[in-house]
Amino acid sequence: MALPVEEWRLCAGRRWAALEPALRERLAAASLQDTVRLGWGFLRPEAEALRRLCHRARTDKEAAAARFYREEGNRLFGRRQYRAALRLYSQVASHELPGSPEVSVCFANRSAALFHLGCFEVCLEDIARAENHGYPDRLLPKALLRKAECLLCLGRLQDAADALSVVENKMAMNGISTSPTHQTMLKKLSQLKIKVREKESCPEPVQEACGDTQRKSEVWEENDSISGASSSLRLNFDIERGRHLVASQDILPGQSLLKEEAFVSVLCPGENFLLQDNSETPWNTRVTNADLYCHRCLRQLLASVPCHGCSYAKYCSQNCADMAWEQYHRTECSLGALLLTLGVFCHVALRTVLLAGFAEVSRLVEWSHNSDKDLHNPEARGKHLNEALCTRASTRVIPGCNEDGQYQSSYQAVFNLLPHAEKHSPEHKFLCMLSVVAICNQLQEAGLEPVVLNQESTEKWSKPKPCEKASGELSPELKTVAEAMLRHVLQLQCNAQAITVMQESGSGDGVVVSKKPVRLATAFFPVLSLLNHSCCPNSSVAFSGTAATVRASQPILSGQEIFHCYGAHRCRMRLAERQQLLSQYFFECHCQACRDELESDHTSVVSKRNSFCCPSCWAPLQGEDVLYCSNEACAISTSRESLSHRLQDLQQQIKKALQVLKDRKADQAIKMLLKCQRDARNFLSPEHLLMGELEDHLAQAYATLGKWQEAARHLERSIEIVEVHHGPSSVEIGHELFKLAQVLFNGFAVSEALSTIQRAEEILSLHCDPESTQIQELQEMKTCLSDLPRSILQR
């Protein structure tokens, strides 16, 4: 949710509509500084409404919530649904107060779930957390037995023996007991001691690493002028295209062009994170991004470390939690509900100024005021223009560069991203202004202003005291912060970068794993923002945590511009749809793909490939509201509306079939999907994308039954359709080939698997990080197959 919740948007809209026309005109023409200066007076009448909205986002620690999640977790653990129980125990940890006896029990319970999942290293970490949080001494032997068993599984025999000695001593100190629990632990202790002695007497042979584990590291020469960019790029600037990157030499497909760490990123909490007023319970067990990924580094979470102050923020390690607190979370912690209500853009804006520091923010805001004065002074504007023209060859005239002419991934570069303040609608600017002023007002009321202004030491986990008397308006310093935040919120509409991750779709326990890209976070990448858009780009962006890597997806000649797709790709959208989507960036696309489509009299490739076909002769249908068969010998005609309804019904039937497949009824799902396929052939083009999806679903169903040849046949047909839509070197083809490789590997079709693995690896290497899970798995499959005897490889 980038923007504030709908209720706050409506509230701001009503407030805007109620203003006098003269005041609306004044605000529409006002500078960012003047807009913020007027903002406090508009916020005060709406502050109570905003407070009520914030109550729906529960981010405080609540004992009742901890009880709810503990009971649900214990119930699922009893049913051996360990992964689901693991998530719920993490929720318990987030809601328990730090240092409470309950939180130590929670970590011990979570360690049990981790043990059953085979996550022994993380299990040991949770056992240590339980001990550090005062785990009850009477329960400690059971946890230590689990610790010893983990160490044994990891081959750490001496550590396991030491842990068993501690258990034995503790049980001896507790005395002899005839309770079933005590007797069970004694039996377990004896069994583990025997296992340790057996492993010590017969140590397992050390397995040598097989295959080519040492991958060639890419030769990388960083650019002297652009941080994180390859030396094969240079920074250009002109009035029409603004700042942009061009190739300074010929570039090959797959070559890395840019490696940049996000200046700031904020995890997107997921859809419907805020509870509705009519919710039966204030808590639920659904899993969102907030539960799956570290709130600082965006690594996937297994056993999260909770924030000490709120129930929302979760981290992959104590180190990440400490760093987040020092850098920004001490300020954000008590504002969680407000930030969730006002949306990710406002959250990114706040975190940006916190990371930059008030001194740098104040300096650049003051610089912008002087620049604005120059813009309204014809003599000064002419002088600056002449200076720019005289030194056009120098990078110093390019906005965002430092005094040495270098463009760095810095706050100065972020600040110089265009906010397009004059192009946003006045109503949208009003909403953004109310939202950032509300955040700064809360900072002031909560006594956080000294922390924001870097005037107070950030003592670990200490919370500031609320301000005893709230000022009638924002302090001058917080007005500066609000102005910078407003600038950043407006910048984000055109310069926000979605950090995406490939997430498993469906249950994720099938033999063929389907994945889809999911928006994980919103970030500022100032160097990546230099790339202009094309509906048919020549580069591809991949993410690893908070880092972005740009690679060439096709050959790029020296002097050609590097293009990135902002989401409106020619293979996925018609021209009109692309132009509508790109309107949010305040430009009209004139890339080569758009020009080709405008100049052509033919229907776009997307329209043709996703067209309806004649039910009589299967020729393409054409027309607008009424569709006619393109075969002149056929007199069939029908309405587009009726076929659209038929398509919707088909999609519902497919959805039901997938639910049946999820319920492990593969035979029934195949029958349903084959019927859907027969129905689809009666009115959809053979190359319609839905036809490819049906083939993909059938492949998954057959693979579930171990019918590898059938699964491969359907996947091959799916690949043909995907290739028609997205091209032979697209990332979509790479994902489909990855699935085909899985099927062929499991079906022991050695030669076909090896050739598919090679092709999949070549394509995915153009788009993904070498350390990505898919490329890693492809290499593991290749190593496994290559180590087979020659007689088998020659089959």
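By a cavity I mean, on a 1 Å grid over the protein atoms alone, a set of points where a 1.4 Å probe fits but cannot get out, with lining residues having an atom within 4 Å of a point; grid points are joined across faces, edges and corners, and a volume is the space filled by probe spheres set on the points.

This is a predicted model, in which local features need pLDDT of at least 70 and side-chain atom pairs count only at pLDDT 80 or more, while totals for chains, interfaces and linings use all residues. Residues are numbered from 1 along each chain as its sequence is written, and side-chain values use heavy atoms, leaving out hydrogens and water.

Which residues line the second largest cavity? They are W16, L27, A28, T35, P426, K429, F430 and M433. Two or more of these lining residues come from each of α2 (21–29) and α19 (426–445), with α19 giving the largest share, 4 residues; helices here are DSSP runs of H or I, at least four residues, and strands are runs of E, at least two, numbered from the N terminus. By class, the lining divides into 6 nonpolar, 1 polar and 1 charged, where Ala, Val, Leu, Ile, Met, Phe, Trp, Tyr, Cys and Pro count as nonpolar, Asp, Glu, Lys and Arg as charged, and the others, Gly among them, as polar.

Turning to the strands, β1 (residues 233–238) and β2 (residues 242–247) run antiparallel and are joined by 6 bridges, pairing being defined as at least two DSSP bridges. A hairpin of 3 residues connects β1 to β2, and R234 stands opposite V246 in β2.

Methods
1 Å grid on protein atoms, 1.4 Å probe; cavity = no way out; pocket = protein on both sides within 12 Å on 5 of 7 lines; lining within 4 Å.
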